[in-house]
Each structure stands twice: as structure tokens, then as C-alpha cells.
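Hi,

Here is the structure I promised to pass on.

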Amino acid sequence: MAPNEVQDKLQTYFEDNFLYDESMDEIDKDMSLIDNGYIDSTGIIGLVAFLERTFDIKVHDNEIIPENFNTLNNIYSYIGSKVENIIADNNWRVG
Amino acid sequence: MHICAKCLLNDNIPSVRINSQGFCNFCTPWVDTCQDNKTDDGFATLLDEYGYKKYHVLMAYSGGKDSTYTLKLLKEKYGASILAVTFNNGFLSEACLKNISTVTDILDVDSIIVKYPAGKLIKVFKFMEDGKFFPRQSLERASAICNLCIMLVKNMIYHEAIIRDIPVICFGWTPGQVETSKPLLRLDYRMVARVFDNIRNTVTENLGSEYARYFIDEDFMKANEDRMPYLYYPFVTNWYEEEKILDEISKIGWQAPDNTDGNSSNCLLNSYANQSHMERYGFHPYAFEISSMVRKGYMTREDGLRKLDKVKNDSTCETVMKRFQETS
């Protein structure tokens, strides 16, 4: 999956589920989504389900931590690392 | 207003967009479906690993149809040892309280009911009713009053599970209420504490520190990090069908209350909460849950429409409004 595609899918999900009439450009990507009332525990569980099915990754319980899910940048970094791993793993298998 | 041709979401709801084919943005992507008993969800194995415990599961038992069926499933299918804990928000119907007693007797399940002072609860329900302190996503999924009540339930249930060292918590969430691919999930204590903190801070700062005891904080969670319970979602791997559920729970003495609305089978407050939400936001607070059930094939579109049509029970709604008005 291309990096742009990952970013587009995340952006659509965030805008549909947390931001509504606010655009991604207006949002401080280092702002706490939890502390600022954008997401609650049910929202986090739904986000994890979305990430698993959309990017075909496994999100382990011990990865559902503030360091990975508190801000938009946290989430981007986390997904970036997971998707890179998958790409690397697929390349290795193909090779 | 446009309504999705597949589910029941309409574009009065801020996050909903209907495309030129008539489908909403929640129906167009790939949709999860229940694995219906085909997969070992790990719950039975987890119970085995714990071996004997007085209680394996703390069931958040509302007395409604879904949590009653979940309780039956946990007991009869998995043989779990269960403590059923009910939060009485002061608005549980008489029939609901009778159902709790009857069902736990027949299933041979220990049960406790926790009730906070009615006046204090009504005061906080009234304060939070306008919804401005909840995430917008939460207000698309439930009314502000329901969101607050669920938050109080979660705080109480986590607290009871932790102090009693019960390793699993289960709620009677339908497949439409929680979108999850994980039947078993153990959340990091900091994630749970931070979500609770938001509402606790809002309530205590505005209504007084006497409300602090109804919420658990990060210090408590941190001190009990090793006791953080699993959350179990049985409907990820067990099929949900309302007709079958009603049939199954009738065998253990459950009877439907006659004074609730079309989307609650235990709580009288729900009628008022639905009405208040619809007046404020212009859409039904159960539209997301019901639409999700329709989308995933748990319910027909026609049945979903019928449920959403029963917003409130008029006389119950009036009774609740009167109690709200009498509480200053």
C-alpha cells in the first residue's frame, strides 16, 4: 500500500468519525484526542477495528497505549511502522 | 433529508454522507460480520487458564434483554462463574428489577445492585443533558444522558472488578453498539483512566467534589495495573438475533417491561433521553446502532425502521420529566 493511500484512508476515517466539520488542516496533530474530547474508549476500540481491517494488521493489546493512540501524529507513526513492516515482510517473502 | 438505501442512517447526522447511488459512507467500505461460532475466541481458554475462581466474570447486568441473554450465554455455554452487577440509575422499571431477581435465581448467579442517591444522579443527568462535554462521535451513538450513565456504569464496573480481583468484564453490548474485531481485549490502564478523567473532571468541577467517588482515577488504576480486567465481547463470535434472544430469555423467566421505549428493555429514563436528543440534534440516538445491525445482517431494514419509530413511551417520558423538574 502506498504511503499516500494510507494517509488518505486515515484522513477519511478521522474526518468521518472524530472531526466532522473540522478539516485535518485545522487540527493540531499533536493535540491529545482523548483529553480534548474527540474520542472515548468506544471510539478507540472502533479505531482499532478499522485499522486492523483496512491495513490488514494485527493491533496487539499492549500496543493500544497513549504513545500510539493519543494524537493524530501518534496514530500516523504507529500505522506507518506497522505498514512498513508488512511491506518489508511481503518483499522478503516474494524475494 | 436523505436516508441510506441499505441501512437507516440519514444525512441529518453530521458524519453521514449519502452518495449518488443512495448509499451512506458507512455502507460503502468493507463491513465486518460475525464469525458465528466458527472461531475459538479465546474466552474458554482464558477461563481454563484461570482455573477455579469465585468469579471469573463480572457481568455488567442491566436487566435488559441483551445483557440477560449474554448472562445466560456466559453461564450455559461457557460455564463461567459470574458476579452480576447492576447499576440502578433510579429509573429501572419495576419489571426490570423483577427480571434481575428472577433470572439470577434461575441461572444460579450471584447478584448485587449498586444504587447512587437519586437526587444526585438526576442533578448530573440534567447538567450533562446538552451533550457539550461528550465527543461528537459519542453523541452520534447515544444520547448525552445515556453516555453519562454508561460512563458511571463503566467506572463502577471497573472498580468492582479490580477490587474483587475478577479477571474479565462483560457488558451486554449488541454487535451494533461496539465496532470491534477483538472478542477479548485488555486495555492499558492509562487509556481507560484518561477517558474517565475527562468526564470526572467536568462533573466535579461543575457539581462538586462529592461526585469524585463515582469515578476512578489514574492513581487507582496505576496501583492496580496488574489487575486490569479483560473486556469480553461475546457477539464477535456468537450470532445475535433479537427474536431468538427473546425466546431464549423467556425460558429463564424474563418478561418485557410494558413502559419502556422501543430501544430499551429496562430503563425508563431512555424515553426522555431519546426525546431530548432528537429535539437537540434532529436524529435518533439509536440510528447508528440499528443501522450497524442492519448493515451486518443481524436485523432487517424493516425491523430496524420499526425500532427507530418507537422513540419514547409518552407516559413514562412525562413521569421522568416531572422528576427532573422537581429536582433542583
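**Where the two chains meet**

Chain A and chain B bury about 2800 Å² between them, and 50% of that area is on carbon and sulfur atoms. If you wonder about that unit, the size of an interface is often given as the accessible area lost when the parts come together. Keep in mind as you read that this is a predicted model.

Who touches whom? On one side there are 35 residues of chain A, in contact with 33 residues of chain B.

The rule finds 5 salt bridges across the interface of chain A and chain B. A salt bridge to look up in the viewer joins the side chains of D35(A) and R194(B), at 2.6 Å from N to O.

Which helices of chain A supply at least two residues each to the side that touches chain B? They are α1 (3–19), α2 (41–55) and α3 (66–69). The largest share comes from α2(A), with 10 residues. Sorted by class, this side of chain A has 15 nonpolar, 10 polar and 10 charged residues.

**One helix inside chain B**

Now go to helix α4 of chain B, residues 118–128. Its buried residues are K120(B), L121(B), I122(B), V124(B), F125(B) and M128(B). What covers them? The cover includes the strand β2 (82–88) and the helices α6 (144–163), α7 (189–207), α10 (269–281) and α13 (314–326), which belong to chain B.

Cheers

Terms used:
Residues are numbered from 1 along each chain as its sequence is written. Chains are lettered from A and ligands numbered from 1 in the order in which they are written. This is a predicted model: local features need pLDDT of at least 70, side-chain atom pairs count only at pLDDT 80 or more; totals for chains, interfaces and linings use all residues. Side-chain values use heavy atoms; hydrogens and water are left out. Contact means heavy atoms within 4.5 Å. Buried area is the accessible area (1.4 Å probe) that two parts lose on being put together, summed over both. A salt bridge is a side-chain nitrogen of Lys or Arg within 4 Å of a carboxyl oxygen of Asp or Glu. Helices (H or I, at least four residues) and strands (E, at least two) are DSSP runs, numbered from the N terminus. Ala, Val, Leu, Ile, Met, Phe, Trp, Tyr, Cys and Pro count as nonpolar, Asp, Glu, Lys and Arg as charged, and the others, Gly among them, as polar. Buried means under 20% relative accessible area, exposed over 50%, partly exposed in between (1.4 Å probe, protein chains only).
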